[in-house]
Amino acid sequence: MTIAVEAARRQQLRPQSVWKRILKRPEAGALGGAILVFVFFWIVAPPFRQVPAFTTVLYQASTIGIPAVAVALLMIGGEFDLSAGVAVTTISLAASIFATHVAGSLWAGVVFSLAFALALGALNGRLLILTKLPSFLVTLGSFLMLQGLNIAITKLITGNVATEDISGRQGFDTLRTIFAANFQFGRVQVSIAIVYWLVLVAVATWVLLRTKVGNWIFAVGGQGDSARAVGVPVKQVKVGLFMLVGFACWFLAMHQLFAYNTVQSGAGIGNELLYIAASVVGGCLLTGGYGSAVGSALGAFIFGMTTEGVIYADWDPDWFQFFVGAMLVLATVVNTWIRARAAKGK
Amino acid sequence: MARSDAPIIQLNNIGKNYGNISALRGVNLSVRQGEVTCILGDNGAGKSTLISIIAGLFPHDEGEYLVDGQPRRFSSPREALDLGIAAVYQTLALVPLLPVWRNFFLGSEMENGRGLFRRLDTAEMLAKTQDELHRMGIDLEDLEQPVGTLSGGQRQVVAIARAVHFGARVLILDEPTAALGVAQSGLVLRYISQAARQQGIGVIFITHNPHHAYLVGDHFMVLARGEVDLDTPRSELTLDRLMFHMAGGRGLSALEHEIHGDGPVAPGT
């Protein structure tokens, strides 16, 4: 009894300033980075200061952020997914082609593509466990295979490099409302993708920090052998994470399909690195076991600001790539420094 | 001193073979509540084989393994764990980047809430971890700090405290002081003796170090080449004799004769 009282007293006495608490979080570096980038474009690009510009930035961020949340969780679990970028296109194609050439119903296409996306994730995970190869290699393989399949199958079935326009078909309007609606918020148009993105980040944060599965994700990525030794189902957690990436890709794929009506079979290449970069800028450790969902959102937000900021500042869009690279290196350095401080308990 | 004289674990004439090679022969051992049994021996003496059998990593080939008087044959560590036999290996099964309290409950998390809102009972787990560590004499300022930031000895104690908290009656400690300095070893040894005496746990302490063993042991067993070289209670043993056995026993005196030329022991040259 006295021990419990003592313990409670000690916890109250623990001196820990808010500032230190924030600095110890994985996303601390990304928060600082986001503020810096925001201030930078605020100064150099006058159109950036307007509210509609801000919603455009958020929309851009959400298209990176939706898969990036899942990729961040996967990275915390100690694995990579290089196929996520092209998988989005593959899933869009699967939905569109299944709807127009097989089932004749858009709803069937949407449901089929969800099952397909989850199966794709599960396949990546199972392959990883069966072959015991690093996920970098396994998903590099699936990345290249999907990239080839996307174009080959689209050409084979449609005789074209893009799918046909689905906007006239039955059910299109309802599905567009679900996945790609724009609604009026005050004076500005807001895409529903932003809402989905923020909800996804909130749910992922809840799962990571407040549930058993979240604890397992950190443990599996931090030290898989130790996790296994205390009874954590390591393989199931990893396969589950790959399926989560599949799910997030499906969500973005549906958004893009119903926002643009057709799918370009060559799209999506290179985006997988953007998702990984957003996660790393957001504080995820390349070796796993550390990171946050909010961090990935901040990372995506930084890249969203940069994409749009470069345009508003009237620069050549190619500067964006340079900026992403510079941010990545800078963020990694800052994160390493912060983590070293946190590890020392400062 | 012992609270109950009936042994929790009893090994009768236990043996283990790998193909034609006999790794362990004729080992008898009893582990009682509140008693520290030290198992010493050179590399390859059979220590690992013995604790692997006790912890349930693989079953024995000869003899009898009794738990609470019932004959057992374990095929997985889980079965041993369910009977309260837990092993803490050198790797400790801790995740360095994870906070102390999350490590403590990893794989056995406490939850509350229902359905979709089922969540970790963070407050309860923090309090339990704090209590348990406090009882072991460890005073951590911040349970949110990653386990990797603790000292080697503190990590060891966290792992031991965890095993005790989750119902271990017999604790197998595989060389817990091997990688530690003097002060850190002292911390762990103090805790080993506390776990046994105050909480009535039967401890099997594997070590290379006769000084550490003699400090906390109630019963000593020295293995050599798969056989029992020495098996004695503390009352019949001096540190010198233990060190003599640990250092190689009769083999060593033969070597000493040979080196100092008190007469050639080895034939030939």
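Tutor: This is a predicted model. Start with helix 4 (residues 51-76) and helix 9 (residues 192-210) of chain A, which pack at an angle of about 25°. Their axes are 8 Å apart. Angles under 35 degrees count as roughly parallel. Helix 4 of chain A and helix 9 of chain A are therefore roughly parallel to each other. Helix 4 of chain A passes helix 9 of chain A in a left-handed crossing.

Now look at who meets whom. Helix 4 of chain A brings residues including A:Leu58, A:Tyr59, A:Ile66 and A:Leu73. Among those they face in helix 9 of chain A are A:Tyr196, A:Trp197, A:Leu200 and A:Leu208. The residues of this contact divide into 13 nonpolar, three polar and no charged. A:Ser62, A:Thr63 and A:Gly65 of helix 4 also take part.

Next, the loop between helix 6 (106-131) and helix 7 (135-158) of chain A. A:Lys132 has its place there. Its phi is positive, about 60°, although the residue is not a glycine. Most residues other than glycine have a negative phi. A:Lys132 is exposed, with 7 other C-beta atoms within 10 Å.

Move on to where the chains touch. 23 residues of chain A are in contact with 25 residues of chain B. On the chain A side, helix 1 (2-13), helix 10 (212-222) and helix 11 (224-229) each supply at least two residues. Helix 10 gives the most, with five residues. By class, this side of chain A has 11 nonpolar, eight polar and four charged residues.

Strand 3 of chain B has parallel partners. Five bridges join it to strand 10 (residues 202-207) of chain B. There, B:Ile39 stands opposite B:Ile206. Strand 3 also pairs with strand 11 of chain B in the parallel sense, over five bridges. In that pairing, the bridge partner of B:Leu40 is B:Val222.

B:Arg225 sits in the loop between strand 11 (219-224) and strand 12 (227-233) of chain B. B:Arg225 has a positive phi of about 50° and is not a glycine. With 15 C-beta neighbours inside 10 Å, B:Arg225 counts as partly exposed.

Terms used
Residues numbered from 1 in each chain as written. Chains lettered and ligands numbered in written order. Predicted model: local features only at pLDDT ≥ 70, side-chain atom pairs only at ≥ 80, totals over all residues. Contact = placed C-beta atoms within 7 Å. Helix = DSSP H or I, 4+ residues; strand = E, 2+ residues; numbered from the N terminus. Nonpolar A, V, L, I, M, F, W, Y, C, P; charged D, E, K, R; others polar. Axes fitted to C-alpha atoms, helices over the stretch in contact; angles between N-to-C directions. Parallel < 35°, antiparallel > 145°, perpendicular 65-115°, else oblique. Left-handed = near helix turned anticlockwise from the far one by under 90°. Buried ≥ 20, exposed ≤ 12 C-beta atoms within 10 Å, placed from the backbone. Pairing = 2+ DSSP bridges.
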